[in-house]
Protein chains: 2
Amino acid sequence: MMIYMPIAMALLGLIYMIVKKSWVMKQDAGDGKMKEISDHIYEGALAFLNAEYRLLAIFVVIVSVALAAVSFIVPTTHWLIVIAFIFGAFFSAFAGNIGMKIATKTNVRTTQAARTSLPNALKISFGGGTVMGLGVAGLAVLGLTLFFIIFFWVFMDSAWTNTMDMTIVLETLAGFSLGAESIALFARVGGGIYTKAADVGADLVGKVEAGIPEDDPRNPATIADNVGDNVGDVAGMGADLFGSYVATVLAAMVLGNYVIKDMGGMIDDAFGGIGPILLPMAIAGAGIIISVIGTMLVKIKSNDAKEAQVMGALNVGNWTSIGLVAISCFALVTWMLPETMKMNFFGEGLQEISSMRVFYATLVGLVVGALISSITEYYTGLGKKPILKIVQQSSTGAGTNIIAGLATGMISTFSSVLLFALAIWASYAFAGFYGVALAASAMMATTAMQLAIDAFGPISDNAGGIAEMSEQDPIVRERTDILDSVGNTTAATGKGFAIASAALTSLALFAAYVTFTGIDGINIFKAPVLAMLFVGGMVPVVFSALAMNAVGKAAMQMVHEVRRQFRDIPGIMEGTGKPQYDKCVEISTQASLKEMMLPGLLTIGFPIIIAFVPMIFGMNNMAIAEMLGGYMAGVTVSGVLWAIFQNNAGGAWDNAKKSFEAGVMINGEMTYKGSEAHKAAVTGDTVGDPFKDTSGPSMNILIKLTCLIGLVIAPILGGHAITEEVSMTEIESSIMKEDTKKVYVEFEVESDDLATAVVSVTEFQNGENKVEEYVISGTFNEVNAKVERLKKGASSIKVKSNRAELEEEFSVEVRK
Amino acid sequence: MMIYMPIAMALLGLIYMIVKKSWVMKQDAGDGKMKEISDHIYEGALAFLNAEYRLLAIFVVIVSVALAAVSFIVPTTHWLIVIAFIFGAFFSAFAGNIGMKIATKTNVRTTQAARTSLPNALKISFGGGTVMGLGVAGLAVLGLTLFFIIFFWVFMDSAWTNTMDMTIVLETLAGFSLGAESIALFARVGGGIYTKAADVGADLVGKVEAGIPEDDPRNPATIADNVGDNVGDVAGMGADLFGSYVATVLAAMVLGNYVIKDMGGMIDDAFGGIGPILLPMAIAGAGIIISVIGTMLVKIKSNDAKEAQVMGALNVGNWTSIGLVAISCFALVTWMLPETMKMNFFGEGLQEISSMRVFYATLVGLVVGALISSITEYYTGLGKKPILKIVQQSSTGAGTNIIAGLATGMISTFSSVLLFALAIWASYAFAGFYGVALAASAMMATTAMQLAIDAFGPISDNAGGIAEMSEQDPIVRERTDILDSVGNTTAATGKGFAIASAALTSLALFAAYVTFTGIDGINIFKAPVLAMLFVGGMVPVVFSALAMNAVGKAAMQMVHEVRRQFRDIPGIMEGTGKPQYDKCVEISTQASLKEMMLPGLLTIGFPIIIAFVPMIFGMNNMAIAEMLGGYMAGVTVSGVLWAIFQNNAGGAWDNAKKSFEAGVMINGEMTYKGSEAHKAAVTGDTVGDPFKDTSGPSMNILIKLTCLIGLVIAPILGGHAITEEVSMTEIESSIMKEDTKKVYVEFEVESDDLATAVVSVTEFQNGENKVEEYVISGTFNEVNAKVERLKKGASSIKVKSNRAELEEEFSVEVRK
């Protein structure tokens, strides 16, 4: 029954989301101009979504065909993976749709609310964020759990058989995660290119050439610019975390299955023997309800509140959620896991692990998630030392500003990576790779809350823009500015959270990959593996460069279009001619989706080439699996570094520039906007923009998608860790060992030409059960003859089959 | 006798160097002002060297004490490593001394020669480069070979015993390499900080504040600036390649020893059974003579020659050298190696390898060295597509120029890394890690030639500066400009060569490390190893940031000093007061050496912490060795990426700026120096300066030194791959096997309390000799009793000892 708990939680979360959504939608959307601007942004966002969906549809069809082909050629991959993939893509896109719609509807309502009071404005903007967060988290948990239940029923008849069957369930489920992460590629990378192309295009022609202010409705690209905020920061971040959420839980389930394997192939618990597999889903489910509680706590009372109070309100919600997750992890871990478990530690053999150690691992995840956010805040926060240094360096020109910003981003990798290495070490020491995956799961449990905090930023930003464009009372803008300023901080910490989650997720996927392929590990002392480690390390660097170049190209197209409209539309500058906003939105949309093809191809192409080209040349599958593992490690290590570097450098430049708004002290002189130093800081920000909004955040997707593709390829390479032909003698000698307790055979007959028998032999060794699994396959007659031979040798055997007449169970007096 | 061949070659090279040097010195050094400026530069360079030596002396003492302590505590490390270390440092410093002196003497002679003709100017500047190149290469080969001969005599009595003794010889020899690479840290990192601090300091106050031209003798920092060129480009590059050269040959020797081990512990050849170990030294020796021949071919005849002809002359010399190295590799490989060898390939067991395949591996090294230089030239060359793109992007401001430059550097990692991965793969496939190390050795064989080509650039640059300052006829400057322009291209390709050599060297060291420690490989699926891979990946990024920040800090000190002199020295601006050049040189020297401490500490500290902190906590040595290996791999992969990225981005920005000198076409308009686009390009170059001259080149040292420290720590961790206590039963059963041919015992008695017996058991299995080695240690009585027991079991035994009475040899009829 526990299996339905996450679904129930997800549904509760979704219901709350719908209630909240209708509450937000019922709020006053303001009058004339406000509404008009908001509608344009809404339509622009929809236009992007529609274009994205068209492209997505093509992409999904192509990948589906490829997956289908694979599943028909490779016996260990089931065609249901295609369905899972399609639904993963659909759920992620749907979550993005909800998020974008609510964000673009909430902005104007926030503006309107800010006309009355700040607490109201916060309530509405954060309400919009909550809808977004719960939509993403609810759909992620709902989809993943639903498909798990379906596949558990299809492949295992909803009851535990053996770890090999469960592996097939989880391998098929990986399709769901792959679908979700593919959408994230489009949303995060495409969105990142979109938002910066529109931004740069609008500024270059509007502000610089035509001399009209920012957000001026006469600028045809201004709507695209505002849409971009939603496309990049709302939809992109949402898809990113949706992908992380699903992948983390999946990886933890895979590793949970291996815990069961290490414990002898089956455990006896109150959860149908799949407690360790259900646990990550249960944590995710609990996290949704906790996030709902957390969001309810975010409120301020005083209309005179400042940034500190708003930040405080968010912190109350956030820390409460994290605390509640810790408590629920304790409860769930002690409830759902056996009190002591056996886990295989590399090179140290089986070790006894108490369930409390799994709980400690989840604590590691929670602490690291919080600390990495703090580190990000330190390196990118207004008024912090690194920012003040960049500000000082701006006085000697753009060159020194850039060097200082680059150095800040680079230095920031120090504490982040050390902390991260410590997290890997500690969570592994506590509970092996299952511990690493659960650390990630615990961290991700508050995803809904994190997203609510994240999404409220761009909503407030947009609200401020609408207030400015519709010429509201300055108090309105003042109030939205308070929210926006807090939103900037949460945006930076949110990026830290996204990186940390992506990194831990990738590690968990990496571990799942190794277990799926059945390799002994990834030995970088083998030259081909080392070569692939280098290649993997290079990919994030080249990916980042491509993303940066893409922004440049897309921005240029936007520049040409805006120039054309200024030239061709009569009366546009006088406000009598209406600019064709949709054309600019179209350009930004098309260009961003086109320009993300090359980096996307790089991401998807490399693992496929590494896996299949050597295969064509007849290389050993295990050797290929190890090479691909080396590649994945290279991408992950280098990707994490470049993500931290680019995000923090970009964030630091941004806030160094913003520091000039309130004035800064340089060489004993107060310096403001418009000074030479400020101009240098603006140049730094120009460099930082693609860093922090395009290439930096894309790294998350790159590393996760790489590891997921590896995971989907894994069964093709590994065939469940049994590629070598085992001889009957070997199986028989295993069956006839003194310590062998029982033999379980799963005899699947597909046709006369193809039958498979999975033989699980449980041995009792040194006080613990150990399961060896063997696969026999061939024509029906061959396999049947072999199974008959096994029956003769075993003292206790159970044969289960899709042909009832083959089933058998007997047990004789145990020999001695 | 072959063992003396490399020494002979090195001496021949050094003699040729002395002849060439006295020829250069005999050339006319010009008159009054020329000579005065040149003397200032010479003195400044000497001042840096002296300061560096003082600091070095302290450093060498500290490290020597540490090494001595280690050698007394750890039985497997011999105290002679201290001597080797000191001499390694001394030889490297001496080579740097020769290079700096000749470079600062040649510059003015080149100016003087340029007054008569271009061919003469080339002859002299390249002559200076040749002296530098031969000094470095000659001393490297001489020192390394000499110490090998000494240690071979000390530990093995100059005759083959077993691979374990040879391992001790090579472990001790690693001290020489460590010494050399430590100097490289000072020279390359310190030099890089020096040159940019002086450059920026001179420009900021002189050009910007005081409005006097570049290289104006009134500027107190101008001499420091010119000294910087020599310190960074001549001494830094020289020390870098000296270190690579020594480390490469050493690593190849270590792996050669393991080839012998794989072949049964001894081979029968015309080189005392150490052909595979001598081969890398022989290639290095041949390379010196080949380089001498190559340098002789560099000449032009026509006084009207342009860049193309000069470049052509260099190319003739360079390509001839590379061709001759290929031929000599063929000759030496076929002569010195057994026709077929056995090598242990990871996971594939022993394989038979023909010596031709070793030759193919050397070809891989030569081709890759050449190709990586070409790639570097493509991404940084004037008139090439990437540069033109940066030039175009300069028209929209510094921001877009910076983005384009960063993207170029990042994209350039694609082909370099793929090529590099291919090189690892191919050379390993041909001949295992011995092949990788020999690929590096072949590439490095032309080091003298490469350095000659490299050093001639800054000499010509200085010559042009002297011509300008001493107001020569414009034709003189025109001629030196031709040389300088070619020098810029060779500087870029030289950096490519330095990275490629550092990377291959590190890999060879990495392989040597694994064999020294005796671990099975480095499995990144173990969480602590993976954590260290992350930490290792982070270090080059933080190192680069520290180096960049160091330039900023040192430059600021210079700025204050120049301002002080302008303020305090009467008549300085009128040319009546003499600026205190030495003060600026002192500042730059002190600041650079001080600022390199932190990055240096990072480089040295991390491997030591990783090795010894877990040891204190009682972690298993093999596990630590694997972690340290993961760290080394992380540093190497990330370091190579950041080296390529920073060098190429910096080179590209530099040449994008230079493109404006001849004028460039932007948006259909010719644009020159002084335009807004040019200003943007200058900003890009400001960012690129520390990239290409400080942090980028430092990566070479970082990765090599990291791997070398690992190699020196290796015996402490590994104890020659025999850490587990072997029981006597195990040794006895090995001795009494039917296939055992002979037993060799090396019985070393240090005192009554400490004796060691190394037992080598040669077995004849499947048609080949296989040697197992065991170590017995304890008090004399214990060990003696065990050896006596072994004598009883063996049918053929030879005992050698430092106590004559213990020696014994007998052989009975072989049982069967």
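This is a predicted model: local features need pLDDT of at least 70, side-chain atom pairs count only at pLDDT 80 or more; totals for chains, interfaces and linings use all residues.
**Stop 1: a loop in chain B.** Select Ser158(B), which sits in the loop between helix H4 (118-156) and helix H5 (163-210) of chain B. Because 12 other C-beta atoms lie within 10 Å, Ser158(B) is exposed. Check its backbone too: phi is positive, about 60°, although Ser158(B) is not a glycine. For context, most residues other than glycine have a negative phi.

**Stop 2: a loop in chain A.** Now pick Asp157(A), in the loop between helix H4 (118-156) and helix H5 (163-210) of chain A. Its phi is near 60°, again a positive value in a residue other than glycine. With 11 other C-beta atoms within 10 Å, Asp157(A) is exposed as well.

**Stop 3: helix H3 of chain A.** Select residues 80-114 of chain A, the 35 residues of H3(A). Buried or exposed, which describes most of H3(A)? Of its 35 residues, 31 are buried, so the rest of the structure largely encloses this helix. Then centre on Thr106(A), where H3(A) bends by about 25°.

**Stop 4: where the chains meet.** Show both chains together: 54 residues of chain B are in contact with 54 residues of chain A. On the chain B side, colour H11 (398-411), H12 (413-444), H15 (527-568), H18 (621-662) and H19 (676-718), helices that each supply at least two residues. Which of them gives the largest share? That is H15(B), with 16 residues. Colouring by class shows 38 nonpolar, 15 polar and 1 charged residues on this side of chain B.

**Stop 5: the symmetry.** Superpose chain B on chain A: a turn of 180° and a shift of 0.0 Å along the axis gives an RMSD of 0.2 Å. The two copies are therefore related as by a two-fold rotation axis. To find that axis from chain B, go to Asn523(B), whose C-alpha is the nearest in the chain, at 2.1 Å. Both copies use the same surface, since 100% of the contact residues of chain B recur in chain A.

**Stop 6: a hairpin in chain B.** Finish with strands E8 (residues 796-801) and E9 (residues 808-811) of chain B, which run antiparallel and are joined by 4 bridges. A hairpin of 6 residues connects E8(B) to E9(B).

Note on methods. Residues are numbered from 1 along each chain as its sequence is written. Chains are lettered from A and ligands numbered from 1 in the order in which they are written. The expected span of a helix is 1.5 Å times one less than its number of residues. The bend at a residue is the angle between axes fitted to the seven residues ending there and the seven starting there. A residue is buried if 20 or more other C-beta atoms lie within 10 Å of its own, exposed if 12 or fewer, and partly exposed in between; C-beta atoms are placed from the backbone. Two residues are in contact if their C-beta atoms, placed from the backbone, lie within 7 Å. Ala, Val, Leu, Ile, Met, Phe, Trp, Tyr, Cys and Pro count as nonpolar, Asp, Glu, Lys and Arg as charged, and the others, Gly among them, as polar. Two strands pair if DSSP finds at least two bridges between them. Copies are superposed by least squares on the C-alpha atoms of residues with pLDDT of at least 70 in both.
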